[in-house]
Amino acid sequence: MSGDDGGKKTIAIVSVCALVVVAMVVAVVVTNSKSAAPSGGEITTSTKAIKAICQPTDYKEICEESLTKEGVTSTDPKELVKSAFKIATDYVNGAIQNSTTLKELAKDPRANQALQNCRELLEFAIDDIKESFERIGTFQMGEVKTFVEDLKVWLSGAMTYEDTCLDGFENTTGEAGEKMKQFLKSSQQLTSNGLAMVTELSKTLGDLQLPTLGRRLMGEDDIPEWVSDTNRRLLQAGPPAVKPNVVVAQDGSGKYKTINEALAEIPKKSNITFVIHVKAGIYKETVVITKAMTHVTMYGDGPTKTVVTGSLNYIDGVQTFKTATFAAIGANFFARDMGFENSAGPTKHQAVALRVQSDRSIFYNCRMDGYQDTLYAQTHRQFYRDCVITGTIDFVFGNSAAVFQNCQLVVRKPMDNQQCIVTAQGRLEEREPTALVFQSCHFTSDPAYYPHRAVNKAYLGRPWKAYSRTIIMQSQIDDLIQPEGWLPWMGTFGLDTLFYAELQNTGPGSDKSKRVKWAGIKEITPEQALAFTPKPFIDGDAWIKDKRLPYSSNMMLERSRTPVQ
């Protein structure tokens with residue numbers, strides 16, 4: 001066999017594997033297994049392929065069963081994708097509408113709210129898998145690695161949405177939570193299997209050392225090609241100098257007086273940047289940038305001048321997922337010079353100011369103010385630069401792949417009997433490509449909290465989920481952080497499986513000599529830390545403007561911030 005023939009066959013095999021993986025992933029997201037694998041007779045080629053692709057998964061039996069159910073016998077990867085996706089969506093939609101179990105859950109008010117949230121969350125899960133389905137038509141070999149990394153991010157999002165659905169049933173009466181847990185058990189296992197397969201493919205690609213477009217879709221000026229000329233100008237570090245599509249102003253000088261009125265003008269699922277200027281003012285409204293509102297850019301007159309505020313909270317009966325004053329869901333959302341606030345106060349417990357699901361989203365020179373659960377960095381890839389985030393308990397939480405550069409994390413005064421925790425990362429499995437990464441940030445006290453720091457003790461984070469992962473590097477940590485550094489969630493939960501690391505930090509709170517000694521506390525080198533910088537961790541060079549927007553692809557030399565008020 002010639003070298004050229006071998007290379008072509010390798011590429012062909014990897015191409016087919018990628019498509020088969022996508023087919024499997026679509027099939028496993030939300031379906032339950034009902035039928036067994038074919039019995040008797042000779043093992044078919046498709047059965048062998050299914051067994052091979054299920055080999056790296058944690059739940060092999062249900063993996064194999066799910067790929068042979070419903071009479072799907074095609075060996076064409078694209079046809080498998082189409083069939084599997086239809087089965088998945090039909091099953092979920094039918095189950096949501098017709099399941100006796102789900103109808104029973106609606107009897108309890110909080111469980112009914114959780115049910116409504118689950119419907120929305122499972123639709124998000126389906127959408128994440130559909131992203132990979134729609135990419136097949138334009139799939140190119142040179143982008144295999146990028147394709148796989150995208151798939152891992154979206155699968156992680158699907159897993160998170162399923163888990164968030166179950167979280168909503170905490171503190172509900174009756175057996176609602178347990179019933180929902182059993183109902184989603186198979187789909188969670190199957191989604192996990194999909195991630196395992198994608199991870200295995202990723203390892204295979206690494207072994208093959210195939211070429212990739214490291215800065216794919218980049219123009220000659222190192223600006224991502226998907227960024228329009230309008231957004232290129234807006235991404236400059238200075239004040240925006242671009243004509244917005246619509247202006248919102250409470251004083252009547254704009255087209256609308258509320259942000260929600262302006263949202264009606266956003267084209268649905270567009271690749272063209274739509275710019276909204278929100279002039280100075282306090283906007284008391286709940287804003288949702290929906291899944292269909294893509295490539296939206298919103299800028300204010302300063303993070304303390306243009307403020308979106310609300311007070312939805314858990315104590316008053318709203319589940320955490322729905323307490324957000326502002327929710328960014330549509331991909332490629334960009335906000336700058338704005339404030340997002342939840343004013344419910346510490347007595348109302350969970351009260352989100354900003355929830356972010358938007359993939360490849362950017363927040364520059366923004367404020368997020370609240371108490372418990374201020375910033376819900378829920379899913380996908382996110383980048384925060386020169387932002388201020390305030391709160392008391394778990395005030396940066398979620399399961400996204402998020403990098404914070406040059407941001408201030410400000411601990412506020414909690415209730416008398418409360419401790420303060422900055423982060424609560426929610427990685428569910430070791431394979432997930434998610435973490436909260438703080439680079440060249442400042443962990444500090446609000447003036448009102450500072451005198452109470454010895455009583456209402458503050459910690460860097462605690463493990464919300466078993467594989468919680470948080471990295472803090474090249475940051476200033478003031479004396480509010482306790483010597484132990486990190487706090488358990490409950491007992492020994494997650495202490496052996498989490499991943500917490502600190503590197504090259506300064507300040508009195510950065511001393512690691514008395515840090516907790518859990519198995520999950522990692523000592524990493526600068527070389528290892530590079531993996532968590534924007535360029536490799538969130539493919540930042542492909543979508544973050546690195547010349548006009550302040551941005552460091554890798555390690556940073558120093559921390560400096562001149563906030564725009």
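1. Cys 366 has a relative accessible area of 0% and is therefore buried. In this predicted model, the closest cysteine sulfur to that of Cys 366 belongs to Cys 387, at a distance of 5.0 Å, which is too far for a bond. The cut-off that decides the matter is 2.5 Å between cysteine sulfur atoms.

2. Cys 387 takes part in no disulfide either: the nearest cysteine sulfur, that of Cys 407, lies 4.6 Å away. Cys 387 is likewise buried, its relative accessible area being 0%.

3. The bond joins Cys 118 to Cys 165, with a sulfur-to-sulfur distance of 1.9 Å. The angle about the S-S bond is 95°, and the link of Cys 118 and Cys 165 is right-handed. Cys 118 belongs to helix 6 (residues 109-135) and Cys 165 to helix 7 (residues 144-167), so the pair ties together parts that are 47 residues apart in sequence.

4. Two or more lining residues come from each of helix 6, helix 7, helix 8 and strand 16 (393-398). Which element gives the largest share of the lining? Helix 8 does, with eight residues. Sorted by class, the lining of the largest pocket holds 19 nonpolar, 13 polar and 13 charged residues.

5. Is Asn 193 buried or exposed? Its relative accessibility is 0%, and Asn 193 therefore counts as buried. Setting aside neighbours within four places in sequence, the contacts of Asn 193 are with Thr 57, Asp 58, Tyr 59, Ile 62 and Cys 63. The C-alpha atoms of Asn 193 and Cys 54 are 7.5 Å apart in space, although 139 residues separate the two in sequence.

6. Eleven strands make up an open sheet with parallel pairing, in the order 1-2-5-8-11-14-17-20-23-25-26. Its edges are strand 1 (246-248) and strand 26 (521-522); each has a single partner strand, so one side of each is left without a neighbour in the sheet.

7. Strand 5 illustrates the pairing within the sheet. Strand 2 (residues 274-278) pairs with strand 5 (residues 296-299) in the parallel sense over four bridges, and Ile 276 stands opposite Met 298 of strand 5. Strand 5 also pairs with strand 8 (residues 334-336), again in the parallel sense, over three bridges. In that pairing, Tyr 299 is placed opposite Arg 336 in strand 8. Both faces of strand 5 are covered, with Val 296 and Met 298 buried on one side and Thr 297 and Tyr 299 buried on the other.

8. Further along the sheet order, strand 23 (residues 469-473) contains Thr 470. The relative accessible area of Thr 470 is 0%, and Thr 470 is therefore buried. What does Thr 470 contact, leaving aside its neighbours within four places in sequence? The contacts of Thr 470 are Thr 423, Gln 425, Leu 436, Phe 438, Trp 486, Phe 499, Tyr 500 and Ala 501.

9. The last point concerns Ala 529, which is found in helix 11 (residues 526-529). With a relative accessible area of 0%, Ala 529 is buried. Beyond neighbours within four places in sequence, Ala 529 is in contact with Met 473, Leu 503, Ile 524 and Met 555. The C-alpha atoms of Ala 529 and Asn 554 are separated by 9.2 Å, and the two residues lie 25 residues apart along the chain.

Conventions. Residues numbered from 1 in each chain as written. Predicted model: local features only at pLDDT ≥ 70, side-chain atom pairs only at ≥ 80, totals over all residues. Heavy atoms only, no water. Buried < 20%, exposed > 50% of the residue type's maximum accessible area, 1.4 Å probe, protein only. Contact = heavy atoms within 4.5 Å. Pairing = 2+ DSSP bridges. Nonpolar A, V, L, I, M, F, W, Y, C, P; charged D, E, K, R; others polar.
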